[in-house]
Amino acid sequence: MNERLDILLIEDDEQHAQCIKEQLMKTKELLEQWHILERIGFDDLNVEWIYGSERIDNKRGNIYYHFSDSDMNKIQKKVREMQNNNPHTGILMDVILTKEEQERAGVNDFSKIKFSKDILDYYEPKTGQKCNIYLTTGLRNFGTLAWGIYGRENMEHRYIPKSLIKEYPSRKAIAGVFYWLYHKKQLPESISCEIEERELEDI
């Protein structure tokens with residue numbers, strides 16, 4: 001087949017980025033072992049992490065690379081480079097990406113979430129999509145917040161909780177990320193059920 005999916009991971013938490021990349025690659029390997037990967041549409045996967053320019057080491061030992069407006073050009077340039085090499089390029093990005101957004105979210109104020117919205121608006125304008133995008137977030141109530149943040153009706157099936165990647169990896173949920181980034185469609189029910197059965201067998 002020789003088809004590859006390239007994913008640009010936009011994440012400001014170094015630890016999260018490393019774990020997400022590892023689990024995406026692990027899921028690709030499992031789907032390949034289960035002979036399901038080719039039905040998703042590709043047989044190779046590349047994940048590249050891009051991070052912001054504002055480094056912060058917090059008291060718990062976490063390292064953040066927060067984004068700022070000046071990083072938008074860097075993201076756009078990277079996407080262009082990836083798309084020039086492979087048209088099957090998608091973006092998997094965190095919802096909260098700047099220092100201010102993180103601070104305000106800490107007090108349940110999500111009105112300042114703007115950076116990821118600007119990326120979504122740039123690549124999926126009303127005139128037509130330029131790059132497929134999927135979201136990941138640690139916000140437990142993101143499903144109810146999505147409309148207020150992004151002003152879009154179709155976000156319910158376009159995000160994956162970080163817990164389903166990091167703490168309790170769901171191969172079915174991650175396969176849904178792959179399928180959307182490759183086809184801009186939801187994972188077919190037949191493939192979803194088959195992955196779920198294989199996961200249960202491996203428990």
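**Note on aromatic pairs and the parallel sheet**

1. Phenylalanine 42 and phenylalanine 178 are both buried, where buried means under 20% relative accessible area, exposed over 50% and partly exposed in between, with a 1.4 Å probe and protein chains only. The model is a predicted one, in which local features need pLDDT of at least 70 and side-chain atom pairs count only at pLDDT 80 or more, while totals for chains, interfaces and linings use all residues. Residues are numbered from 1 along each chain as its sequence is written, and side-chain values use heavy atoms, with hydrogens and water left out.

2. The structure holds 9 aromatic pairs, a pair being two rings of Phe, Tyr or Trp (its six-membered ring) whose centres lie within 6.5 Å, with planes under 30 degrees apart counted as stacked, over 60 as edge-to-face and the rest as tilted. One of them is the edge-to-face pair of phenylalanine 42 and phenylalanine 178, at 5.8 Å centre to centre and with 80 degrees between the planes. Because phenylalanine 42 lies in the loop between helix H2 (37–40) and strand E2 (44–50), and phenylalanine 178 in helix H7 (residues 171–183), this pair ties together parts that are 136 residues apart in sequence. Helices (H or I, at least four residues) and strands (E, at least two) are DSSP runs, numbered from the N terminus. Phe42 and Phe178 form one aromatic cluster with Tyr182.

3. The ring centres of phenylalanine 142 and tyrosine 150 are 6.2 Å apart and their planes stand at 70 degrees, so this pair too is edge-to-face; phenylalanine 142 and tyrosine 150 are both buried.

4. Two lysines deserve a look for their ring contacts: the charged end of lysine 74 sits over the ring of tyrosine 51, 5.6 Å from its centre, and that of lysine 130 sits over the ring of tyrosine 122, 5.3 Å from its centre. The criterion is NZ of Lys or CZ of Arg within 6 Å of the ring centre and within 35 degrees of the ring normal.

5. Strand E1 (residues 4–10) is joined to E2 by 7 bridges, and leucine 8 has glutamate 48 in E2 as its bridge partner.

Note on methods:
Pairing = 2+ DSSP bridges.
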